[in-house]
Amino acid sequence: MSTQNDDEKEDTSGRPTKAVVGSHRDEEEVFGKAYDPRIISRIWSFVKPYQGRIFISVTAVLVFTLTQLAIPLVIRYAIDHGMAAGRPDRSVMNWAIGAFALIILINYAASYVQESVVGKVAENVLSDLRRAMFSHLQRVSLSFMDKTEVGRLMSRLQGDVNSMQEFLETSVMSVGDIVLLFGIVTVLLWLDFRLGLLTLSTMPALFIVRLFWLPRAKVAFMAAHETNSIANGALAEGIHGVRTVQSLERQHVNFDLYDEKVLANLKTHLTSAKYAQVMVPIVDTLTGIAMATVIVVGGSMVLSHSLDIGVMVAFLFYIQRFFDPIRSLTMQYSVMQRAMASGQRISEVLDVPVDVSDRRGAVKLTRDMDGSVEFRNVTFGYRQNQPVLKNVSFRVNPSETVALVGPTGSGKSSCMALVHRFYDVWSGEVRVGGHDVRDVTQDSLGDQVAMVLQEPFLFSGTVLENIRYHKTGATREEVMRAAQAVGAHDFIEHLPDGYDTELEQRGGNLSLGQRQLISFARALVADAKILVLDEATASIDSYTEMLIQKALVTLLEGRTGLVIAHRLATIRGADRIIVLQNGEIVESGNHEQLMAAKGLYARLYNMNYASFDDMSEEDTGAPAGKAT
Amino acid sequence: MSGSGWIFSLNTDATSGAAKRGKSFAHVAEASWGKGLSTLLRIVRMTLRHPWQVAITIVSTFVAATLQLFIPRLLGHAIDQAQGVMTAGGGAAAEQALWTTALTLLVVSILRGLFTMAQNYYGEAVGHRTGYELRLAFYEKIQRLSFSFHDRVHTGDLITLGLLDLDGVRMFFSTGILRVVLLGVLIGVGSYLLISTDIELGLLSLSFVPFVAWRSSVTQLRLRSTWLTLQERLSVLSRVMDENLGGIRVVRAFAAQQHELEKFDRAKLSALELADQRVDIRVSNTSAMNFSFLAAMGLVLWFGGQKVIAGEISVGTLAQFLTFMTILQMPVRQLGLMVNSFARASTCGTRLFELLDAELDIEDAPGAKDLVVSEGVLRFDNVGFRYAGAGGRPALLGISFEARSGETVGVVGPPGSGKSTIAHLIPRFYDVTSGAITIDGQDIRAVTLQSLRKAVGVVQQDAFLFTTSIENNIAYGNPWARETRIGQAAEYAQLHNYIIGLPAGYTTVVGERGASLSGGQRQRLTIARTLMLRPSVLVFDDSTAAVDAGTEQRIRTAMKRFAKDRVTLIISHRLSSLMHADQILFIENGRIAERGTHQELLALGGRYRALYDLQLRPEDDLPVAVGAA
C-alpha cells in the first residue's frame with residue numbers, strides 16, 4: 001500500500017455518496033389499534049383514583065351540552081309566543097328571559113366545573129403515570145437498563161405520557177360531542193319531523209366525506225410530522241457536532257443535505273395544509289345546503305302557516321352548530337389510536353419484571369459485620385448458556401485490598417456488580433460480612449458497600465450536593481473533610497463558587513480527573529465498610545493521577561477493598577492480585593509471586609504497558625469477548 | 001517527588017471553560033418595545049418576499065370575512081320573507097323570494113368556504129416558506145460561528161432557538177397579521193352594519209366585544225408567562241429523570257432510589273401545581289368569556305323582543321343580530337391568541353435575529369486566497385492568545401517555533417498550561433491575539449478558511465461521532481472517498497481488524513444511538529477520519545489518551561510511511577506518545593519553559609525530566625503505594 005496510488009483525484013462534483021445528516025432514526029409506531037381492552041384497563045387503573053371527579057365532570061359536560069341545546073329553544077319560544085305579530089305577550093317574554101338567564105348561569109357553572117375538573121384530573125393522571133414508570137424503573141433489573149437507551153425511556157416518560165393526557169381530555173369532551181350530536185338530531189326531529197329529516201340528510205354526506213378523507217389526511221399529517229422530526233434531528237446533530245464539522249470542512253456538504261431535508265419538510269407541510277383546508281369549503285357548502293333547505297322548505301311552510309317562524313329561526317341556529325361534533329368525533333378516532341400505541345409502550349415499561357428484590361424476612365446488614373467479601377462457586381451471565389463467570393471462588397478478608405486484573409471481557413466488572421447485588425447469581429453465592437447478599441435488604445447492603453464506578457457520574461447541582469449525595473444529612477464540615485482527604489479540596493476552592501459551584505450536566509465543567517476525585521469524596525462521605533472500585537481507564541494526566549493514587553490510600557484505609565485495577569501502580573500496591581481470564585481465575589497472589597510464576601500476569605506486565613486496558617487480543621491470547 | 005516545584009494548577013481547560021460560559025448568551029427576557037417593533041417589521045419584510053402569496057392571502061381574508069358578514073343579513077331576509085313581510089305580491093312571489101335568498105346564501109357559503117380555504121392555505125404556506133428560509137439561514141450561521149461563540153452559548157439554548165423561537169417567528173403571519181385583518185373586517189364592517197341597522201341593538205350586540213377581547217388578551221399573556229415557567233419546571237423534572245436513568249448504576253450503588261424518588265416528587269409537584277394553576281387561569285377565562293357573550297345575547301333578545309313587539313324592527317332583523325353575534329364570537333375570543341402571537345414573535349424574533357446578525361469573528365479576509373502548500377513549513381512567530389472574557393490571563397504568550405514537512409513536534413505540559421490551545425490556533429478555531437502563524441510564509445489569517453482547514457487536520461480530544469455508519473464517519477471530511485481509502489485509513493488507525501469483525505462491518509451504525517465503541521476505539525476512528533483529509537499539518541490533540549500504548553505504537557509505525565509529507569504536532573501528557581519527536585516543547589503557564597529533543601531535555605534535568613521520572617519509572621518515584629498504609 002503506497003500513498004501514491006490512492007492519490008487519484010476523486011470526483012467531488014456529484015452528490016457525495018457517503019454523506020448524511022441526522023438521518024438515522026428510531027422508528028416507533030404512532031398509531032395502534034383504536035381500541036385495545038388490555039390497554040384501556042391499564043389506563044383505567046390510573047384514572048380510577050379520580051373516578052369521583054371524572055363522574056362530576058361527565059355530569060357537568062352533560063349539563064353544559066343540554067344548556068347549549070336549550071338556548072335556541074328559548075329563542076324560539078320567545079319569538080313564537082312572546083312577540084308573535086298581533087298578539088304579543090309580555091309575561092311570556094319575561095318568562096323566556098328569566099329562563100334564558102337561568103340557563104346561561106347553569107351553563108357558566110357547568111362549563112367551569114367540566115373544564116377545570118377534567119384539566120386537573122388529566123394533569124394528575126399524567127403525573128401519576130410518570131411517577132409509576134419512574135419508580136418502577138428504580139427497581140427493574142439492571143440488565144433491562146443496560147439494554148435500553150436512556151433516550152428511548154425518556155421518550156416513553158415524556159412523549160407517550162403526554163399523548164395519554166390528550167386522550168383523557170378529549171375523551172370527556174367526546175361524551176359532550178356525542179350528546180350534542182344526538183341532542184340536535186332529536187330536537188330537530190321533535191320540532192318538525194319532515195323538515196328535520198330533510199335538513200339532517202346532509203349529515204351523512206359529511207360522514208362519508210370524512211371517511212374518505214381521514215385515512216389520506218392522516219398519511220399527509222404523519223409525513224409532515226415525520227419530516228419535521230428528521231429536519232430537527234439534523235439540526236440538533238449540526239449543533240452538537242459543530243466543532244467536528246468545522247474542523248473537517250463539511251459545512252457546504254451539510255448545508256446542501258440539510259436543505260434537502262428542510263425542503264422535504266416544507267413540501268409535506270404544504271400537502272398536509274391542503275388536506276386540512278380542503279374540508280373547509282366542503283363543510284361550508286353542506287352548511288349552505290342545509291340552510292338553503294330550511295329557507296326554501298321551512299319558509300314555504302311558514303308562509304302556509306304549517307310551521308312557526310320561531311322554529312325556523314331555531315333550525316337556523318342549530319345548523320350552525322351541526323357539523324362541529326362530527327368534526328371532533330372523527331378526530332377522536334386518531335387520538336385514540338395514538339393513545340393506544342403510547343399506552344402499549346407505557347405498559348411495556350410497567351411490565352418489565354423486577355428480578356432483584358428483597359427476600360421476605362431479609363435482615364439489615366449492620367455496621368458491626370466483619371467487612372469480608374466472599375465468592376463461593378459463583379457462576380453468572382447475562383444471556384442464557386453464556387456464563388461470564390464460571391465457578392469463581394475467592395475471599396477478601398476484612399481490611400484487605402484485592403486487585404482484580406484481566407483483559408476486557410474477563411468478568412471483572414461482573415464480580416463488582418455481584419457484590420452489590422445488581423444481579424443475582426445463577427449458582428453459588430456471594431457473601432458480604434458473612435451473609436449471603438440475597439438474605440440482606442438491598443438498602444442496607446448499599447449502605448455498607450460503597451462503589452466507585454469507572455466513569456464518574458455526577459448529578460447536576462452543586463459540588464457540595466454531589467459529595468453528600470444521598471447522605472443529605474452530612475454537614476459542610478464533613479464534606480470538606482472528605483474532599484481534603486482525597487485531595488479535591490484545592491481545586492474545588494478554585495472553582496468560581498467553591499463548594500457551591502453549580503455543576504453542569506454530568507459535571508461537564510470538570511475534567512475527568514476532577515470528577516473522579518469528587519466521586520472518591522462521595523464514597524468517603526458514604527463511609528461504608530467495603531469499597532468496590534473500578535479504576536478509570538482513560539488515561540489521566542500524571543499530575544491528577546498522583547492525587548488519585550494518594551486519595552486511594554486514604555479511601556481504602558481501614559476498609560475492605562475490591563479494586564478492578566488498570567494501573568500498574570494500583571495493582572502492585574494491592575495485598576493480593578487475582579487474574580481473571582474468560583470468567584475464570586487463572587492466577588492469584590502478590591506481585592512478586594505472580595512475576596515468579598511467569599504466567600499471564602507476568603506476560604502482561606512485561607509488555608511494559610502503563611495500563612492493562614484496551615489491550616489487543618494477540619497480547620492476551622484470549623478471544624475478544626463482550627465487555628462486561 | 002522529584003525536585004522541581006510545580007504548581008499543581010488543576011485549573012484545567014475544562015474549568016476555564018466554565019468561567020467563559022459564565023458570560024452566557026444573553027437570553028433577552030422580554031424585548032423592549034422599540035426593539036420588539038423593529039423585530040416585527042423585519043418579520044413582515046421577510047414575509048413580503050412572497051408578495052403574490054401574501055396578496056392572495058390578504059385579499060382572500062377580506063373577501064371571506066365580508067362574505068361571512070352577508071350570511072346573517074340573508075338569514076334575516078329569509079325569515080322576513082317567510083312571514084310575508086317583505087313581499088307584496090302574495091304567496092307565489094314570496095316563495096320566489098325565498099328561492100332567491102336560499103340560492104344566494106348557498107353561493108355565498110360556497111364562496112366563503114373557498115376563500116377561507118385560500119386564506120388558510122396561503123397563510124400557512126407563507127409561514128412555512130418563511131420558516132424554510134429562516135431554518136436554512138439559522139443552520140448556515142450556526143455552522144459558521146466560531147468556537148468561541150459555541151463555547152459561550154449552550155447547545156440546548158441553540159436548539160430551543162432553532163426550534164421554538166423559529167416557530168414563533170414563522171407563525172406570526174398566520175396567527176398575528178392575518179388575524180388583525182380578519183378581526184378588523186369582522187369587527188369594523190360588522191359594527192358598521194349592526195349600528196347602521198339599529199343603533200341601540202347594535203351597541204348592545206357589541207357590548208361583549210371589549211370585555212372578551214380584554215379578558216382573552218390578559219389571559220393569554222398570563223398563560224404565556226406561566227408557560228415559560230412551566231417549561232423550566234418541566235425541564236428540571238426531565239433532568240432528574242434523565243440523570244437518574246443515565247446514572248442508574250450510581251443510584252443503585254448508593255441504594256439511593258428513595259432519595260431519587262424524593263427528588264422526582266419535588267420536581268413533579270412543583271410542575272403539577274403550576275399546571276393546575278394554569279388550568280384555573282384558562283378555565284375561569286373561557287367560562288367568563290362564554291358567559292359574557294351569552295349575557296349580551298340575552299340582552300339583545302330582551303330589548304330586541306321589546307322592539308319587535310313595538311313594531312320597530314322585524315323578527316328577521318332580531319335574528320340577524322343574534323346570528324351576527326354568533327359569528328363575531330369566535331374571532332373575538334381568539335383576539336388573545338393574536339396578542340400572544342405578537343408577544344411571542346417579538347421576543348422570539350429578537351432572539352433569533354440577534355443570532356442571525358451575530359458577527360462572525362473568524363471568516364475569510366477580504367481578497368483571501370487559497371493556501372498553497374509547497375515546502376510545508378509551519379511557523380509560530382511570537383504567538384500570544386487569550387480567551388475572550390477569561391479575565392485578562394493570557395492562555396499563550398510568546399510561542400515561537402518552526403517545523404517543516406517530515407518533522408514531528410511534541411508539546412507537553414501540566415493541565416491548563418495552554419497546550420491544547422496551540423492545536424486550536426492552527427486551523428483558526430480561534431485567532432491569535434498577538435504574533436502570527438504562517439504556513440509556507442502565508443499568514444493563516446490571509447488565506448481562505450476552507451483551504452486552511454483542508455490542509456490542517458486536528459484529531460480532537462473528545463471527538464463527536466455522528467449517528468451513521470462507521471464508513472460514513474470515517475469519510476466525514478471527504479464523503480466522495482473511495483472505499484479502498486476508507487479501509488486504508490482504518491488500517492493506519494489500527495481499527496480495520498476490529499471493524500471487519502463486526503457483523504455489519506463498515507456499515508455498522510455508531511454514534512450516540514449506535515453501537516457503543518470503547519474510548520480507545522472512538523479515538524482511533526477519529527484518527528482515521530482525520531487521515532482522510534490528507535492534511536499537510538496533522539495535529540493530535542491529546543487524542544491517544546485512551547488508546548493503549550501498544551496500539552499507539554503500531555499506529556505510529558503505520559503512519560511513519562507518509563509522515564514525510566507533513567508536519568506532525570503531537571500534544572499529549574503521555575511522554576511515550578511524543579518522546580520520539582524531532583523537537584519537544586514543554587509548556588507551562590502558556591509559555592515555552594523548555595525545548596529540545598528527548599535526550600537534550602533529559603540531560604537538562606528540568607521539568608521534562610521530572611515528568612519523565614514520574615511517568616516512566618513509577619516504581620522508584622511514586623511516593624505512595626496503594627495498600628501500603
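## A tyrosine pair in chain A

Tyr423(A) counts as buried, because its relative accessibility is 6%, where buried means under 20% relative accessible area, exposed over 50% and partly exposed in between (1.4 Å probe, protein chains only). Tyr382(A), with a relative accessible area of 34%, is partly exposed. The ring centres of Tyr382(A) and Tyr423(A) lie 5.2 Å apart with the planes at 85°, so the pair is edge-to-face; rings of Phe, Tyr and Trp (its six-membered ring) pair if their centres lie within 6.5 Å, and planes under 30 degrees apart count as stacked, over 60 as edge-to-face and the rest as tilted.

## Basis of the model

This is a predicted model, in which local features need pLDDT of at least 70 and side-chain atom pairs count only at pLDDT 80 or more, while totals for chains, interfaces and linings use all residues. Residues are numbered from 1 along each chain as its sequence is written, chains are lettered from A and ligands numbered from 1 in the order in which they are written, and side-chain values use heavy atoms, leaving out hydrogens and water.

## Rings in chain B

One aromatic cluster is formed by Phe147(B), Phe385(B), Tyr387(B), Phe429(B) and Tyr430(B). Over the ring of Phe147(B) sits the charged end of Arg243(A), 5.3 Å from the ring centre, given that a charge sits over a ring if NZ of Lys or CZ of Arg is within 6 Å of the ring centre and within 35 degrees of the ring normal. The charged end of Arg42(B) likewise sits over the ring of Phe353(B), 4.0 Å from its centre.
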